[in-house]
2 protein chains.
Amino acid sequence: MSAGSLVVVGLGPGQAGWLTPAASDALSRATDLVGYGPYLDRAPDQPGQRRHPSDNRVEVERAAMALDLAAKGRQVAVVSGGDPGVFAMAAAIFEALDEGDPAWRAIPIIVEPGITAMLAAAARLGAPLGGDFCALSLSDNLKPWDVIVARLTAVLMADFVISLYNPISKARPWQLREALLLAATIRAPETPIIFARNVGRPSEDITVVPLAAAPDAPADMSTLVMIGASTTRLIPRETGRPYVYTPRFYGAGR
Amino acid sequence: MSAGSLVVVGLGPGQAGWLTPAASDALSRATDLVGYGPYLDRAPDQPGQRRHPSDNRVEVERAAMALDLAAKGRQVAVVSGGDPGVFAMAAAIFEALDEGDPAWRAIPIIVEPGITAMLAAAARLGAPLGGDFCALSLSDNLKPWDVIVARLTAVLMADFVISLYNPISKARPWQLREALLLAATIRAPETPIIFARNVGRPSEDITVVPLAAAPDAPADMSTLVMIGASTTRLIPRETGRPYVYTPRFYGAGR
């Protein structure tokens with residue numbers, strides 16, 4: 001039996017121009033692709049390569065299946081949107097490895113990074129992440145809501161730019177609104193809030209609204225929501241939406 | 001006079017396999033490359049393309065120069081390591097645009113995202129950014145040290161994984177040690193601390209040390225330092241350094 005391997009590949013956020021050559025190579029070398037169906041559809045067809053599509057949940061089962069295929073000698077690529085290390089499949093792979101069959105520890109595992117959604121959204125807007133920033137998942141499937149509230153409060157008070165991943169879903173309809181109402185108790189009403197949906201895809205839709213209006217703005221599970229810091233600024237343009245940026249300097253640091 | 005343009009290009013963290021096709025295209029279309037000399041050296045030679053190397057400081061002057069070239073009709077690429085929106089040139093461009101010649105606002109400006117250092121370092125290690133995380137610059141050139149301490153304290157208390165950019169330089173020799181000593185008052189002595197130097201280059205050097213030993217570990221301006229959360233775990237390997245990952249679940253969320 002030949003030695004198997006596993007690579008966790010980040011596709012970036014949609015457009016082919018953001019897929020790194022290293023990630024492309026990893027996809028083409030794989031005998032088996034494992035991942036959420038729509039992500040697999042973004043990998044070029046390759047004769048003889050097996051595809052194992054799954055839905056967008058049960059990540060640990062998918063991870064265990066991928067490790068098992070690699071243990072059987074397959075060259076497995078686990079495919080993630082964006083960056084696999086940011087609220088995606090890489091952590092699930094290592095959770096499964098940590099708790100699973102000790103034989104899996106002999107499998108060579110590589111992670112190929114990708115452009116995560118907040119970097120792509122930021123690029124489209126200007127430089128909203130120009131200062132200190134954080135990334136917080138609003139999903140309370142894996143951590144209690146009170147932890148999310150405590151973390152959000154801490155970074156709001158400390159004036160980080162905040163990227164909210166997994167802001168909303170059918171099963172979690174109220175969390176985003178609650179988060180934005182909390183933000184409004186700490187940041188000014190005119191703070192820019194970015195709603196970046198499907199960045200890099202034909203259906204890309206990006207809007208910038210003041211915090212006061214944000215709790216009523218539409219969002220879905222394909223939206224990345226970004227909360228500006230007190231220093232985040234708009235530069236109006238004659239046409240189109242304004243640039244959004246956060247200066248590098250802060251307070252007396254200028 | 002033909003219409004000029006400006007693109008801020010992220011090269012990613014060193015290796016060619018991490019340079020996106022969109023960033024490659026942007027470099028090849030430019031008539032003028034502006035940026036820190038060693039970054040310009042990573043762009044392929046192209047006949048007729050002008051290069052404007054600078055040192056690694058005076059970002060706003062460099063930004064103004066680039067905008068001025070674009071205003072004169074040149075196709076300008078401003079080159080950044082990693083992602084240009086993360087403690088790099090994009091914010092400097094928009095600072096200059098916001099305060100500079102109003103005519104500059106007619107210039108089409110695009111930002112091409114790249115793999116930022118913390119994503120590349122995380123990929124090399126496993127999935128240390130698997131939970132909520134933040135990125136904080138330790139440079140007190142642009143913000144007061146007391147703001148940095150307040151922000152660091154907030155995210156330490158709220159149990160984020162923390163990536164420290166610009167941890168140390170000749171002019172800022174003590175800040176990293178202070179930051180790690182502060183971390184040691186809040187997080188456990190065995191918390192994994194990652195020192196990732198020159199990720200993606202031949203001189204790449206990555207070490208993982210417990211927080212108790214971290215204040216005395218070596219680092220330089222090419223090092224990305226990552227402070228694990230309370231849940232960040234090691235998976236030992238028979239050879240080489242351990243995998244490092246942060247589970248997606250937290251507390252009662254499991």
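In this predicted model, chain B holds an open sheet of five strands, ordered S3-S2-S4-S1-S5 and paired in parallel. Here strands (E, at least two residues) and helices (H or I, at least four) are DSSP runs numbered from the N terminus, and two strands pair if DSSP finds at least two bridges between them. The edges are taken by S3 (50-54) and S5 (109-112) of chain B, each pairing on one side only. On average, and with direction ignored, neighbouring strands of the sheet are turned by 20 degrees against each other. At the S3 side, five bridges link S3(B) in parallel to S2 (residues 32-36) of chain B, with Leu33(B) sitting opposite Arg51(B).

A word on bookkeeping: residues are numbered from 1 along each chain as its sequence is written, while chains are lettered from A and ligands numbered from 1 in the order in which they are written. As the model is predicted, local features need pLDDT of at least 70 and side-chain atom pairs count only at pLDDT 80 or more, whereas totals for chains, interfaces and linings use all residues.

Turning to chain A, strand S9 (residues 192-197) is mostly covered, with five of its six residues buried (20 or more other C-beta atoms within 10 Å of the residue's own, C-beta atoms being placed from the backbone). S9(A) runs antiparallel to S10 (residues 205-210) of chain A, joined by six bridges, and Pro192(A) faces Pro210(A) there. Another five bridges tie S9(A), again antiparallel, to S11 (residues 223-227) of chain A, where Arg197(A) has Thr223(A) as its bridge partner.

The two chains meet through 61 residues of chain B and 61 of chain A, contact meaning C-beta atoms, placed from the backbone, within 7 Å. On chain B's side, helix H4 (residues 89-99) gives the largest share, seven residues. That side splits into 39 nonpolar, ten polar and twelve charged residues (nonpolar: Ala, Val, Leu, Ile, Met, Phe, Trp, Tyr, Cys and Pro; charged: Asp, Glu, Lys and Arg; polar: the others, Gly among them).

As for helices, the axes of H6(A) and H6(B), residues 145-157 in each, come within 9 Å and cross at roughly 180 degrees (axes are lines fitted to C-alpha atoms, for helices over the stretch in contact, and angles run from 0 to 180 degrees between N-to-C directions). H6(A) and H6(B) are therefore roughly antiparallel, a label for angles over 145 degrees. Ala154, Val155 and Met157 of both chains make this contact, giving six nonpolar residues, no polar and no charged.

Definitions and conventions. Buried ≥ 20, exposed ≤ 12 C-beta atoms within 10 Å, placed from the backbone. Parallel < 35°, antiparallel > 145°, perpendicular 65-115°, else oblique.
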